[in-house]
Amino acid sequence: KGEPDKCPVKHLVMLAPANFGSPLAHIGKSMVGRLRYGWKWKHAFETGTRVLYDLELASPISWNIAKQDLFDPDNAIFKPDYLFTTVLIGSDAYSGMGEFIHENGSDGTVRVATANLNAEYIKLSFRQPEFKGDDWFKFEPQNHYYEQIAFGVVYGKNGLNHHTITLPNEDEQLGKIIIDSLSIETKEEYQEHIEELKQITDETFSKGEKNTEESKRTRYHKYQHVVTYVHDQFGEGIPDYFLEFYQLKGDKQDTVMQKMQTEILEKVWPYSGDNSYRSFFFDFTDLNKEIIIKGNQVDMSITAAPLSDQIKYLYVNGNITVASKQADTLLKPNTTLFVDIELPRIQGPGVFRFKKA
């Protein structure tokens, strides 16, 4: 840490890495083995419980590693000055039993969005009632030190899953991409490599969308993984909170809210060790089609349950627009967004009392 120029590796290729967690981590290795190899799987070993906790979606360690490796300019390990990094993943399902529990936007084990290292990080601080106008909240994007990290979603011959992505000798396109990734010598070549992988990714989703079967076509929807950490002004986590997504004005039938809460926001996962950390999984393809293209927008509000009659959290009497056609959206396909939310704790007059001795 802090000495990226001493990195002993010049090229790094990641094949479907769970950089920001996996939805299967909480199941355990034994079940994953069953899904991949069938019920005759005989690879008996102990589950690394601590590792699985860290691989769980929205784990604090993945949050801290992202801050350290992607947003700390003193630890600029992923700059092409020091390391040429390439992340590759597919977006197809396992065959057999694994196909029945397949999560769209993943390769059967890892989500496309959680593999991609091109993450975003923002801080959102709500303010005390005395702040007026635009001062009632503070929005601070945290800039990453790199421009981009090479990332590609590869289709291959028939669609790649978490197993077949590791078999480049069986897929000509995948094998060539890996060889090219390991042959980069200059920053200019790396930028060309990034653009080539963008084109390959576009081609992958284009092929996926042409599937005649609806179930296979929706595997290639684009998603965003959003991780929230909600805490008070003292850094204490707030485990019981609710984020609501809707359109504040011009939607009397609450059509946007219904679409967001029932179709577009597909999954919410509170981290099992600390519910102040949560993972949200948004179907960006449906968001764009059902809301953005139609000229609607998505607003967000937050509510936190009080700890007692005397200890409450600020009631946020307002909303923030997170997606619209007119403004830049906070939701970006195939990426992870970390959202640090500070919600002030308000203590009543009865918390402390002084009496004469």
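**Chatting through strands, a helix and a buried arginine**

Trainee: How many bridges join strand E10 to E12?
Mentor: Strand E10, residues 297–304, is joined to E12 by four bridges, and the two run antiparallel. Helices (H or I, at least four residues) and strands (E, at least two) are DSSP runs, numbered from the N terminus. Strands count as paired if DSSP finds at least two bridges between them.

Trainee: What should I know about the source?
Mentor: This is a predicted model, where local features need pLDDT of at least 70 and side-chain atom pairs count only at pLDDT 80 or more, while totals for chains, interfaces and linings use all residues. Residues are numbered from 1 along each chain as its sequence is written, and side-chain values use heavy atoms, leaving out hydrogens and water.

Trainee: Back to E12: which residue there is the bridge partner of Gln-297?
Mentor: Ser-324.

Trainee: And in what order do the strands form the open sheet?
Mentor: Three strands, E7-E10-E12, with antiparallel pairing. E7 (241–246) and E12 (320–324) are at the edges with a single partner strand each, so one side of each has no neighbour in the sheet. From one strand to the next, the twist averages 25°.

Trainee: Which helix packs on the sheet?
Mentor: H8, residues 255–264, which touches E7 and E10; its direction makes about 125° with that of E7. Axes here are lines fitted to C-alpha atoms, for helices over the stretch in contact, and angles run from 0 to 180 degrees between N-to-C directions.

Trainee: Which residues of H8 are buried?
Mentor: Val-256, Met-260 and Ile-264, where buried means under 20% relative accessible area, exposed over 50% and partly exposed in between (1.4 Å probe, protein chains only). Down the axis of H8 they fall within an arc of 50°, so they line one face of the helix. That arc is taken over directions from the helix axis to the C-beta atoms. As a general point, an α-helix has 3.6 residues a turn, so residues three or four places apart point the same way.

Trainee: What do the buried residues of H8 pack against?
Mentor: E7, E8 (265–270), E9 (277–283), helix H9 (284–292) and E10.

Trainee: New topic. How many residues of strand E13 are buried?
Mentor: Seven of the eight in 335–342, so E13 is largely enclosed by the rest of the structure. E3 (120–126) pairs with E13 in the parallel sense over six bridges, with Tyr-121 opposite Phe-338. E6 (223–231) also runs parallel to E13, joined by eight bridges; there, Tyr-229 has Asp-340 as its bridge partner.

Trainee: Is Arg-345 buried or exposed?
Mentor: Buried, at 18% relative accessibility. Arg-345 lies in strand E14, residues 345–347.

Trainee: What does its side chain make a polar contact with?
Mentor: The side chain of Asp-232, at 2.6 Å. A polar contact is a pair of N or O atoms within 3.5 Å; within protein, one must be able to donate a hydrogen and the other to accept it, and residues adjacent in sequence count only if both atoms are side-chain atoms. Leaving aside neighbours within four places in sequence, Arg-345 is in contact (heavy atoms within 4.5 Å) with residues including Gln-128, Phe-234 and Tyr-313.

Trainee: And Pro-349, buried or exposed?
Mentor: Exposed, with a relative accessible area of 79%. Pro-349 is in the segment after E14.

Trainee: Where does pLDDT stay under 50?
Mentor: Over residues 36–41, which have nine contacts beyond four places in sequence. pLDDT is the predictor's confidence in each residue, from 0 to 100. The protein chain averages 88, and 90% of the residues score at least 70. Where pLDDT is low, the predicted coordinates should not be read in detail.
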